[in-house]
Amino acid sequence: MANENLPQDERGSIEEELRVDVVEPDEGEYSLNDDRRVRTLSPTALVVKRFLRNRVAVTGLVILTFMFLFSFVGGLVSPYAQDQVFYREDNQSKQYAAVTENKELRYISDGEGLPSMARAKFVLAQKQGKEGSFESDGVTYTFKQEGEGLFAIYAGDPANPISLATYDTVSSSTEGEELPFALQHAILVAATNDKNSFTYEGKTYSLDASGTVLDGDQEVAYASRYVVQPSMPDVFLSRAFKDELVSSIEANDNEFTFKDDKGEEYSYKLSYDASKSTWSVDQSASTRVFDTYSSPSKAHPLGTDKNGMDMLTRLMYGGRVSLYIGFIVVFIETLIGVVLGGISGYRGGWIDNLIMRVVDIFYCIPSMPIIIILGATMDAMRVDPQVRMVYLMLLLGFLGWPGIARLVRGQILSLREQEFMTATEATGIRASRRIFRHLIPNVIPQLIVTMTMSLGSTIITEATLSFLGLGVKFPFASWGNIINDVNDTYVLTNYWFIWIPAGCCLLATVLAFNLVGDGLRDAFDPKMKR
């Protein structure tokens with residue numbers, strides 16, 4: 001009315017300023033602050049709308065979606081199995097034999113042989129003459145030279161020597177055969193006196209310039225000044241190999257190749273140890289070994305682990321196991337917590353007091369020492385890895401329910417005094433239905449937030465136990481036992497592709513669960529501004 005007394009121009013100006021444009025919305029379209037739109041949204045839709053407005057929470061949801069696809073779908077499309085082992089051909093060098101050139105007398109004995117004290121006295125007597133005698137421990141020994149560098153030593157019986165002192169050795173050409181002492185004696189006598197043949201037990205043997213003993217056309221034995229001994233007792237060194245080896249030593253070659261009777265060719269390297277006057281023979285061969293710690297490649301984008309398994313595939317299956325354990329443990333915790341917390345909060349009295357005392361006892365249980373002890377016990381009992389995983393989930397779930405029970409109890413204590421609960425009592429609804437149809441659904445928003453937060457902590461717990469060797473066991477993979485490889489400092493510093501991807505997956509998943517939990521907490525908060 002006051003505006004009516006104003007001039008027409010001023011009154012028009014004020015009305016222009018106070019005018020609110022009313023834009024008729026198109027059919028089916030409403031602005032976000034329109035009451036009609038709000039009334040069309042259900043409580044669930046409101047929660048979803050609030051959640052989607054939270055960019056941080058949406059980011060966490062995207063990360064979780066990727067990790068689920070990576071773990072569950074990735075394992076299906078991967079061309080490899082989680083326990084598939086890969087091999088590579090590798091040239092490995094190992095000590096194969098040792099060669100010594102006899103520059104001192106060696107003793108070949110019949111029976112017990114010549115005692116060490118007698119050997120020392122023989123050396124002193126031998127330096128005084130080619131034939132003679134000496135005494136040791138009350139026994140008189142005689143010796144005589146039977147060839148160049150060959151001495152026969154007798155004790156009592158002048159016809160049968162008990163030992164031979166020689167620079168040459170005699171080896172059998174047949175694997176596993178021991179030559180009689182008398183035959184070795186006859187061979188050495190013929191070899192040191194440059195004879196072409198000799199007779200032994202009525203049979204005539206021929207002897208060539210290389211020291212080879214022949215029975216007709218068959219090689220029986222050979223004499224050599226080089227002693228060639230294999231590094232492994234079950235290895236037999238053939239005459240051809242020894243000849244090739246000695247030829248390389250005399251030609252001062254550092255390496256040679258030799259093809260054995262099976263047609264397999266190997267490379268050998270020679271190294272001389274002056275302090276021992278010994279040549280060491282190392283065999284180099286192509287061996288099929290585990291493709292351990294191979295660098296990332298086209299076939300293995302994240303390389304291979306210490307067992308020669310594809311790391312990318314192990315990461316996929318490891319994520320599946322970690323998520324499985326997280327969800328099942330949280331489900332067990334929630335199931336026990338909701339049942340006991342719901343009964344405690346609704347019934348009250350001595351039932352509430354009893355259940356809360358049980359909760360207090362569980363809070364006082366040192367869960368980590370118990371888990372470590374049980375893990376060590378399962379190791380000692382060699383529990384199957386799959387059964388062990390079930391025990392781990394049950395144990396973690398059984399120890400983790402008290403927090404959820406207290407949450408549910410606290411919420412129900414506040415809800416049971418409200419009007420809708422009075423109405424349920426007035427209509428005669430039984431107690432179990434009141435708890436699980438009317439009270440528990442009103443606690444679900446807080447439960448969802450708590451469960452989401454618990455998933456991250458459960459995955460961390462499982463990873464910690466697996467890292468310590470007490471959780472998921474080989475051949476099953478989890479992110480925790482994959483990171484277990486960094487117990488080796490060399491792996492930690494040189495093979496980043498072993499532990500960094502698993503650590504990043506673990507970090508991203510736990511962080512994403514926490515972000516989603518925070519977002520759900522804000523979305524369920526009834527005091528949040530719309």
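1. T334 sits in helix α8, residues 311–347. Helices (H or I, at least four residues) and strands (E, at least two) are DSSP runs, numbered from the N terminus. T334 counts as buried because its relative accessibility is 10%; buried means under 20% relative accessible area, exposed over 50% and partly exposed in between, using a 1.4 Å probe and protein chains only.

2. A word on the source: this is a predicted model, in which local features need pLDDT of at least 70, side-chain atom pairs count only at pLDDT 80 or more, and totals for chains, interfaces and linings use all residues. Residues are numbered from 1 along each chain as its sequence is written, and side-chain values use heavy atoms, with hydrogens and water left out.

3. Now follow the order β2-β6-β5-β4-β3: these five strands make an open sheet with antiparallel pairing. Two strands pair if DSSP finds at least two bridges between them. At the edges are β2 (106–109) and β3 (132–136), each pairing on one side only. From one strand to the next, the twist averages 25°; axes are lines fitted to C-alpha atoms, for helices over the stretch in contact, and angles run from 0 to 180 degrees between N-to-C directions.

4. For a closer look at one pair, β3 and β4 (residues 139–147) are antiparallel and share five bridges. Here S133 stands opposite T142 in β4. Helix α5 (residues 116–128) packs on this sheet, touching β2, β3, β4, β5 (150–154) and β6 (163–166), and its direction makes about 150° with that of β3. Helix α6 (residues 181–192) also packs on the sheet, touching β2, β4, β5 and β6, at about 30° to the direction of β6.

5. Another open sheet of five strands runs in the order β12-β1-β15-β14-β13, again with antiparallel pairing. Its edge strands, each pairing on one side only, are β12 (226–230) and β13 (255–259). Neighbouring strands are turned by 30° against each other on average, direction ignored.

6. Which strand do five bridges join to β1 (residues 87–101)? The partner is β12, and the two run antiparallel. Within β12, V227 stands opposite T100. Finally, helix α7 (residues 239–250) lies across β1, β12, β13, β14 (265–273) and β15 (278–290), running at about 165° to β13.

Terms used. Contact = heavy atoms within 4.5 Å.
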